[in-house]
Amino acid sequence: MAEPLSPLQPVWRPGRHGNLSGGAGVVLSETRPASIVQVAAWPGSERAVIAAIRAATGLAVPDGAGGGVATATKAAFGIAPGRFLVVDQAEGLEAELRGRIDARTGSVTGLSHGRTAIRVDGPKAEWVLAKLFAIDFGLTALPAGSGVATQHHDVLAQIQRTGAVRFDLYVFRSLARSFWQTLCHSAEDVGYEVI
Amino acid sequence: MLITCPYCGPRDVSEYTYQGEAGRRRPDPASADRAAWDAYVYDRLNPAGEHSELWQHSGGCRSHLVVTRNTLTHVISSVAFTREAGRSHGRRGKGARR
Amino acid sequence: MSPRRTPDGGRIDRSRQVRFTFDGTSYSGHPGDTLASALLANGVTLFGRSFKYHRPRGVMTAGIDEPNALVTVLEGDVREPNIPATMLEIRDGLTVVSQNRYPSLAFDLGAINGLAGRLFSAGFYYKTFMGPVIGPLKGTRFWMFCEWFIRRAAGLGRAGHAADRSRYERVNAFCDVLVVGAGPAGLMAARAAADEGRRVILADLDARPGGSANWSDETIDGMAAPEWVATMLAELSGRDNVRILPRTTVWGYYDDNTLAALERVTDHKAKPETGEPRHRTWTIRTGSVVLATGALERPMVFPGNDRPGVMLAAAAERYASEFGVLVGERAVLFTNNDRAYRSAAALARAGAKIGTIVDVRDTVSAAAQRLASECGAELLTGRAVVATEGRSRLTGVTVRAFDAKSGAVSGDARNLAADCLLVSGGWSPALHLASQAGAKPRWDAALQAFLPPEPTQNWVAAGAVAGAYTTAEALRQGLEAGRRAAGSSDDRGEIGIPLAADDELDPAPAPVFEIRADGKAFVDHQHDVTADDVRLAHREGFVSVEHLKRYTTLGMATDQGKTSNVPGMAIMAAAVGKPVEEVGTTRFRPPFAPVSLGSLAAERHGHLKPERLTPMHDWHVAGGATMMTAGLWFRPQVYGQPGETVEQAYVREAKAVRGSVGIVDVSTLGKIAVQGPDAAEFLDRVYTNTFSTLPVGKARYGLMLREDGFAFDDGTTWRLGETEFLMTTTTVNAGKVMQHLEYLLDVVWPDLRVHLTSVTDEWAGAALSGPKARQVLEACVTGTAVDDATLPFMGIVRGEIDGAPVTICRLSFSGELAYEIYCGAGYGTHVWETLIAAGRPFGIVPYGLEALGALRIEKGHVTGAEIDGRTTARDLHLDWMLSKKKPFVGSAMMDREGMTGPGRLELVGVVSLDGRPLNGGAHIVENANPAAPRDSIGHVTSVCYSPALRRYIALALVEDGKARRGTRAFVSDPVRNRFGPVELVSHHFFDPEGKRLHG
């Protein structure tokens, strides 16, 4: 059978673009995790859900709004009160979490196809994202691992800082192509590389 | 205008959807009290001054918030989740977010 | 003599030439010149014609306050009008034309307006065009008749029609301290805040930050002032926590310390870099603000004060010191204050002859007298300029004795030859942003100026904007403001304050704003508002400053009255007989200076909305589909074949569905995961029918009402598990339904344990419809049977199609045997293509929205056209869905008076009897006379050609529609010239028993 198709495929132009006089200011990529899962706790069972995420992924999500953690292949962060986005490059995370979270604790919702994961990485990442989102991307305001839920006009986005100059964005698949084009446009002045 | 979402921190008003006056009590679902239903569905306060309002953070965590706002100055004196119970978890820590 | 370039001096790069054209003539200047300085250096004095009277106008200022020298910049066929020449940096290839002149700047026919002065006095438009003129041109018709002529004669630059191809962008910034203005005070504030470790943004509207220090002859910290600026900028730009934004006008101060700024990124460049925007809008959220916006010199109001060659004193000083341009050889200074003497001295040093200084005051300070004698100027105190001579440029001025207390002019006239007149009427702090931020400015009688109010937000003013007119005081205030804004309580005294000599000049001007004598004395140069206009407005009863402004249009031009506001208020105050502080000033509003519309649209320029695409979008486009929008979504309208009309295409597609099998993309349907122990209870409350009784693996059609009892949305909801449902909504209502449900859970029933998640994008959906649909599935689905027993109507099974997991529900919108097949969106195209391959032996046809519509209209199914917010479930004959066993949202209100009973618009079918198409929106009438189509009994909502009936049919909402079935009426659509007979029938046009549904 076929691999899942990326919504970005027809507009995917690998290589370096824009003003490269100072090198590529950002590297843009689609991380294509096989598992994107939302986990939501009932009021009072947040800690049980955090424990379940840890048991399933090994990720220790810090307590607190937007708190999160990321490794090379996995990530988790808070997106709303009692709600977390949990991501794994490997398949099978939804089943794993469903096995650990029953209806009395919370709910597990598969979003592996519904969200497109876009990575913005590089010294100009904050600058490019500042053109699209009214979020303070400074390292103090948004420490590594933590995330925010916000929007660029009609495009809702969940954003996790996964490194000092690296951000992973989760946007609705149907809007991902439009958003990607806007993102590339916004990165032209600092130069970007698509990998 | 900024509204400080208890979860997400201060965000521009464009991330929010206004959902009307807060604190309206929905009549008992089985009630046939027409006056009570009319009041619930149609009557809204429109004060010049402090107003208790519902705003949904539709462009963020999607929580509904009770916002006390002065309609003359836009000064917001308090913001709280409508579902306050059990929501002490996951508040933006003081100073953690601007 | 003409203005000219001085042999040396100024902060321009004399080693390089820049070529540009003005009104078709080629000129050259130097990098660092503005258009104004470069044209002056070339001896040009005539820049434009005035708004109403077409008077010749020169350049009056050297900055953002310029009211006269407005030009149009041409970029190919794109024209941008009303750009102040004083703010426009020259670049190679810059092409500029003057404005409001015909046929040419030097010879202008419109100047005849100047002879008809009374005609264009205050309130001209109101009086002339809103009055009851008798006859065929009465009322506004007269205006409509005259408008074309007036619009040509009056006004500013002409807007273009060509699309602006420039790039614009927005950016959000967050900082602790925003410093607005990079003069001595702003630079000090920025450094002080940066020293405290704060994140600082320093914005300045000029190309060269530095403010007055760029043209001052003072010494700061042992350096020439411009050198000190360069040192400070170099130091600040080396810091990680400071961002310096030159060419950036902070134009709006909004709630919660949010400020808007416009950065002119590439206007000064011959060619932008790749990806560089022309303008960038900054939205800055900051902890605190230092307003170091300086002050604007104001002119005196006297007859002939608009003649080219009359210029603000500090502007002339700035041209000499910063641009190396001498605005005249033989100058006269006319002033009411000491500060202007320094301007005269600067011009004298640059090589001008200052013949005379005319001061309205009887006595002046010793320091000023010294400056006058340094200039070698004759000092005339107790005098005023009462007239100017010359045509398109100044040749001389007339001076008479003047009593500053009474304002009386007396004595003999004395003529002075001059090619430029420097004017100073004192200074007005640039408190626009402070005024925007809330409170009313306060009047300072000593300085004769409005000063910033007490802050209502977290800002602090420093420097000239706060009335600190000397450099030494500005430096002190800047340091203190920077520390305060940084939240530093540490008082480190005078450490770090650079030394600058306090001059001994008296900062207070004489309270003189106007010299009353014969002739037009302009207050607002850009809108041609004279002092007499202000008094006329007062005589006609406009005593509030806000009314004065609107009636005379004083201060309402693109310069927003930067030079005219305070003189206008003062003249009004004199007319009313009150002090200025009682008359007050108008409230300043954003923007401080004009903002390009492109910068506000920014990244939405070109494509206003994102395109929302289904997983199979590219297949549709490649397959020849004509796409149409539904909200943000793009959906196939028809898959037309060569030579087909839209109608031919959808009729072919719909016939294929009824005859064999068709497939349609339904991925756009809203899909909401409803999960939790109380999910079934929740659905019972929000749907009119019951879902708790629905077994796992089954779907049910559901209807939602609003709280007010009107129909809201419909769709099927599938029970995937004991505590898991998948709700579908109509495409356009998906967002509204989600918010409605979230509201109910968060606000009304917070005790229910239900989670809602939008999974619209998770699932690709295809509907397979037609008598052969099951055979197609049998050919490609593995892992489950799809026969009637395994998959009955409204049943759900899970299986695979070519390895992709699918969920299949048997339900029908077309009235045929039909299935909806859902799979992960990433597999959408693959599953779709596999289904089509499996359907090929049956002649499967992909169909679009038009065929989908025709099929559902034939079946009488309603959509958003019928569920329009005004219809009830009963109106739509959906009352069978209203449970009587339980309350639900809307149940209490749905049977109110007026929502039931006779007279309601009810859903009916309509058949065209004349063989012609019907139109959505057409009225249904009973009156057979097309000339008098009165008494509408309803309207058409959805139309199509029905291949099954071979007729044009429609759905309509008609008064007591059910009772009218079988009767005749007419459609009336005068807008589209359509009138014709129809029959009203049941909305179930086709297969009313639903036999085909069960295959």
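Two residues count as in contact, or touching, if their C-beta atoms, placed from the backbone, lie within 7 Å. Keep that cut-off in mind and select C:Val290. Not counting residues up to four places away in sequence, C:Val290 touches C:Val177, C:Val179, C:Val180, C:Gly186, C:Ala189, C:Val460, C:Ala462, C:Ala481, C:Gly482 and C:Ala485.

This is a predicted model, in which local features need pLDDT of at least 70, side-chain atom pairs count only at pLDDT 80 or more, and totals for chains, interfaces and linings use all residues. Residues are numbered from 1 along each chain as its sequence is written, while chains are lettered from A and ligands numbered from 1 in the order in which they are written.

**Chain C as a whole**

Zoom out to chain C. Its C-alpha atoms fill a box of roughly 110 × 75 × 55 Å along the principal axes, and 55% of its 999 residues are buried. The chain has 22 helices and 52 strands; helices (H or I, at least four residues) and strands (E, at least two) are DSSP runs, numbered from the N terminus. Among contacts between residues at least 6 apart in sequence, 66% join residues at least 24 apart.

Colour by domain, with bounds from an automatic or database domain assignment: domain 1 (4-110), domain 2 (168-295 + 430-485), domain 3 (617-667 + 763-854), domain 4 (670-758) and domain 5 (897-998). The C-alpha centres of domains 1 and 3 of chain C lie 65 Å apart.

**A mixed sheet in chain C**

Select β3, β2, β8, β6 and β7 of chain C: in that order they form an open sheet with mixed pairing. Strands pair if DSSP finds at least two bridges between them. The edge strands are β3 (25-29) and β7 (78-84) of chain C, each pairing on one side only. Strand β6 (70-75) of chain C runs antiparallel to β7(C), joined by five bridges. Here C:Val73 stands opposite C:Glu80.

**Where chain C meets chain B**

Show the contact between these chains, with 15 residues from chain C and 21 residues from chain B. On the chain C side, helix α19 (734-748) gives the most, with six residues.

**An antiparallel sheet in chain A**

Move to chain A, where β4-β5-β6-β3-β7 is the order of five strands in an open, antiparallel sheet. β4 (68-70) and β7 (106-110) of chain A stand at the edges with a single partner strand each, so one side of each has no neighbour in the sheet. Strand β3 (35-41) of chain A pairs with β7(A) over five bridges, and A:Ala40 has A:Ser107 as its bridge partner.

Finish with helix α2 (93-100) of chain A, which packs on the sheet and touches β3, β6 and β7 of chain A.

Technical notes. A residue is buried if 20 or more other C-beta atoms lie within 10 Å of its own, exposed if 12 or fewer, and partly exposed in between; C-beta atoms are placed from the backbone. Axes are lines fitted to C-alpha atoms, for helices over the stretch in contact, and angles run from 0 to 180 degrees between N-to-C directions.
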